[in-house]
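Biologist: I would like to learn how to read helix packing, surface patches and salt bridges. Please take me through them one by one.

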Amino acid sequence: AVKRLAAAVGAPALRPEHLVGSLEQTPPTFDYDTLWDWVTENSPELQAAYYAVHRARWSIQRAEAEPIPNVDGQVGMAHDFAGDDFIVNVQIGIAIPYYNRNQGNITAAQAEHIRACREIERLRLDLQDRLATAFQSYQSAKIQADSFRDEILPRAKQNLDLVRKGYEGGELGYLQLLTAQRTFFQQSMAAVGAQTALWMSVIRLQGLLIPEGLAAPGEIASDVEPPDANTTFPLGLF
């Protein structure tokens, strides 16, 4: 676990240390609707998708601003040693037809813009599916952890105390005491596992549902707003 953490944070020299905090701390309580609003507002994946829409919009504007192709020119010089002459070669190239309104590039840019908008729709649905799965895991882990804390462990501890008193009073045998101790120990370890699972689900929700910290990042732009709904270009979702 320490090696995986060292790889994730880029610190190969990381060594085991005492961690701050306690597993018994009360984890935060989440509401699904509030979580969804927070994820859609802060998700870097959505921010990258918004940036792709903006880039596609600028590509349309660029294609519409370039109805006339570029004129290519080339100048060459050579020396004829036989006749001691200099030769100059001038070439000018233009696309035919010279003025074609750039319809192909404009159509391709508009298609890319629609695709980028649909990608936002797909990504929102994917985030909604991931959030539903992660929130279900959080609820299940919370119910299990609460059951261990409020019911299972207190009963196991009460049973151990009663058996210990019975053993000390000579009413119960040593094997019964060992069985009660083993049961309490097993339930305590299970409670630790449930609490760990709960905190793992909390961290996943707080991490904006990003699955892997070492995965290849996409293009992320800071402070990118969704496209303007009043734009004259085809926006698909918007």
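Modeller: Start with a definition. Axes are lines fitted to C-alpha atoms, for helices over the stretch in contact, and angles run from 0 to 180 degrees between N-to-C directions. Helices (H or I, at least four residues) and strands (E, at least two) are DSSP runs, numbered from the N terminus. This is a predicted model: local features need pLDDT of at least 70, side-chain atom pairs count only at pLDDT 80 or more, and totals for chains, interfaces and linings use all residues. Residues are numbered from 1 along each chain as its sequence is written, and side-chain values use heavy atoms, with hydrogens and water left out.

Biologist: At what angle do the axes of α3 and α4 cross?

Modeller: Two packed helices are described by the angle between their axes and the distance between the axes. Helix α3 (residues 44-64) and α4 cross at roughly 170°, and their axes come within 8 Å. Angles under 35 degrees count as roughly parallel, over 145 as roughly antiparallel, 65 to 115 as roughly perpendicular and the rest as oblique. α3 is therefore roughly antiparallel to α4. Their contact has 15 nonpolar, four polar and six charged residues. Here Ala, Val, Leu, Ile, Met, Phe, Trp, Tyr, Cys and Pro count as nonpolar, Asp, Glu, Lys and Arg as charged, and the others, Gly among them, as polar.

Biologist: Is the crossing of α4 past α5 left-handed or right-handed?

Modeller: A crossing is left-handed if the near helix is turned anticlockwise from the far one by less than a right angle, and right-handed if clockwise. α4 passes α5 in a left-handed crossing. Helix α4 (residues 103-168) and helix α5 (residues 174-206) pack at about 160°, with axes 8 Å apart. The two are therefore roughly antiparallel.

Biologist: And how do α2 and α4 pack?

Modeller: Helix α2 (residues 32-42) meets α4 at an angle of about 140°, with the axes 11 Å apart. That pair is therefore oblique. Its crossing is right-handed.

Biologist: Which residues make the nonpolar surface patch?

Modeller: Patch residues have over 30% relative accessible area and no salt bridge; like charges are joined within 9 Å, nonpolar side chains (Val, Leu, Ile, Met, Phe, Trp, Tyr) within 5 Å. Areas come from the Shrake-Rupley method with a 1.4 Å probe; for residues, only the protein chains shown count as cover. V71, V75, M77, F86, V88, V90, I92, I94 and I96 make a patch of about 1,100 Å². β2 gives the most, with four residues.

Biologist: How many salt bridges does the structure hold?

Modeller: A salt bridge is a side-chain nitrogen of Lys or Arg within 4 Å of a carboxyl oxygen of Asp or Glu. The structure holds eleven. One joins R130 and D126 (2.8 Å, N to O).
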